Every structure is written in C-alpha cells, then in structure tokens.
Amino acid sequence: MAGADTLTDLTGESAVRVRVGAEGNGGYLAFAPAVLRVSPGTTVTWEWTGRGGAHNVVAEDGSFQSQLTGSEGTTFSHAFESEGTYKYVCTPHRSMGMKGVVVVE
C-alpha cells in the first residue's frame, strides 16, 4: 500500500480531503494520504483525480461505500463519529495495493 509507512495526523480538523487516484503502487493507484488520524466527528471527503481508471472507496466493515467512477472532481464524504480503525479499499485495485485507513481517536 503506497503511503502506508506515513501516518498523517489531522486530529482537530473538522474536515479533511483524501485524493483518489494519487500516484503510487505502479501508477495512479493510491489514496493520498493513505493513513490518517482524525478526531471523532471529522468528515473525510475523497476527491477523484481522474487518473488511474475508475475507482471507488469501500469500507471493509461495510460502513460506507462510494460509487465506482473515474471522473475528475467527483467527491464522496463520510463523517466518522465513533472512535475506531476504519480500513477501506478501491475494489478494482485492491490487489494492486490501493488501500487506506482512517484512525479515529
């Protein structure tokens, strides 16, 4: 997973953005930042770059899911109300390492 070695600490921010289709994993097959820490109540908005084909954002626990799209500027938001670790993937590119984590604490 590209960027997995770097935790981006955004605690205290009420809203944060994650790029979908960022450079990584041998193409534009990454989320950036891939691993982030936020406070409860933070809304995370994923924004598509238009690169790397069609992507989606799907929580492994089923708590959120975006549509599959490759359109630049598309956004999907989810408010993280409860503490926990939320792993998510791009379903078509999971095997290529397109994964992310939101840690809420």
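Does N25 count as buried, partly exposed or exposed, and at what relative accessibility? The legends below, which describe a predicted model, return to this residue in the second view.

View 1. From the N terminus on, the elements run β-β-β-β-β-β-β-β-β, and the C-alpha trace spans about 30 × 25 × 20 Å along its principal axes. The radius of gyration is 12 Å, which agrees with the value near 13 Å that a compact globule of 105 residues would have. Among contacts between residues at least 6 apart in sequence, 63% join residues at least 24 apart, and buried residues make up 43% of the 105 residues.

**View 2. The loop between β2 (15–24) and β3 holds N25.** N25 has a positive phi of about 55 degrees although it is not a glycine. Most residues other than glycine have a negative phi. As for the opening question, N25 counts as partly exposed because its relative accessibility is 25%, where buried would require a value under 20% and exposed a value over 50%.

**View 3. A cis peptide bond joins A32 and P33.** The omega angle of this bond is about -5 degrees, and P33 lies in the loop between β3 (27–32) and β4 (35–38). Most peptide bonds are trans.

**View 4. The largest nonpolar core contains 21 residues.** The members that touch the most other members are F31, W46, V57, F64, F80, Y88 and V102. The elements that give two or more residues to this core are β2, β3, β4, β5 (42–48), β7 (75–80), β8 (84–89) and β9 (99–104). In soluble globular proteins, nonpolar side chains tend to be buried together.

**View 5. The surroundings of V102 bring together residues from elsewhere in the sequence.** Leaving aside its neighbours within four places in sequence, V102 is in contact with L36, V38, F80, G84, T85, Y86 and Y88. Of these contact partners, F80 and Y88 are listed, together with V102 itself, among the core residues that touch the most other members.

**View 6. The surface of the chain exposes about 5200 Å².** The chain has 7 positive and 11 negative side chains, and the centres of the two sets lie 7 Å apart.

Terms used. Residues numbered from 1 in each chain as written. Predicted model: local features only at pLDDT ≥ 70, side-chain atom pairs only at ≥ 80, totals over all residues. Heavy atoms only, no water. Helix = DSSP H or I, 4+ residues; strand = E, 2+ residues; numbered from the N terminus. Rg over C-alpha atoms; globule rule 2.2 N^0.38 Å. Buried < 20%, exposed > 50% of the residue type's maximum accessible area, 1.4 Å probe, protein only. Contact = heavy atoms within 4.5 Å. Areas by Shrake-Rupley, 256 points an atom, 1.4 Å probe, with all protein chains shown as cover. Lys, Arg positive; Asp, Glu negative; His and termini not counted. Charge placed at Lys NZ, Arg CZ, Asp CG, Glu CD. Core = buried A, V, L, I, M, F, W, Y, C linked by side-chain atoms within 4.5 Å.
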